[in-house]
Amino acid sequence: TSFTVPFKVNNDAPGMLTASFKTRVFEKGGDVSTDRILMPFSPYRSYVGFSLPVGNNWSGALNSDSKNLIPIVTVNEFGELIDRKNIKIEIFKISWNWWWQTTSKFDVANYVTGLNRELIHSGTVSTKDGKAIYELDLKKEIWGRCYIRLTDTDSKHSSGKVFYLSYSDYWSSSSSKSEGA
């Protein structure tokens, strides 16, 4: 016997999922046979991912006034490289309170979808043979905690990461502005 299982997945699935099927067959003699299988399930037809470089500043902060090369890949549901046009890139400045947030993973979704964010950069990039390099240079002196989000505009899959920005003369300019005792 075969049957089709209609999957209903919210639009906020993080990526590839594993479906778990448990079957039980009740035999005429009273025995019960149970089997469980796991199967990969892709809620998206394609995925976007990236690798954020590590800067030379505190906490690996990137310089906002320098070129930062971000490698990007796009794959289909089988992990094969595919071309994608108009990958959306957004960078948000997000607030942070050290006394109650102890990790960079603390509820980032609330910042990116709520009022505690400021869009400081947006752009697009297209992949060729599933790969692209995005050159990020904000040409401004920006520092603080940020979130980068890339979205495949075709499949709506997004990936993101919290990171820090600084600028080239941050430490020298901040120490020269302080007054001595």
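**View 1. Strands S9 and S10 pair in the antiparallel sense.** Eight bridges link S9 to strand S10, residues 158–166, in this predicted model.

**View 2. Strand S9 is mostly covered.** S9 spans residues 144–151. Of its eight residues, seven are buried, that is, under 20% relative accessible area. In a regular strand, side chains alternate between the two faces of the sheet.

**View 3. S9 also pairs with S6.** These two strands run antiparallel and are joined by six bridges. Leu150 in S9 is found opposite Ile89.

**View 4. Strands S6 and S7 pair over nine bridges.** S6 covers residues 84–94. Its pairing with S7 is antiparallel. Within S7, Val125 is the bridge partner of Ile87.

**View 5. Five strands make up an open sheet.** The strand order is S4-S10-S9-S6-S7. Pairing across the sheet is mixed. Which strands form the edges? They are S4, residues 62–63, and S7, residues 117–127. Each of these edge strands pairs on one side only.

Technical notes
Residues are numbered from 1 along each chain as its sequence is written. This is a predicted model: local features need pLDDT of at least 70, side-chain atom pairs count only at pLDDT 80 or more; totals for chains, interfaces and linings use all residues. Side-chain values use heavy atoms; hydrogens and water are left out. Two strands pair if DSSP finds at least two bridges between them. Helices (H or I, at least four residues) and strands (E, at least two) are DSSP runs, numbered from the N terminus. Buried means under 20% relative accessible area, exposed over 50%, partly exposed in between (1.4 Å probe, protein chains only).
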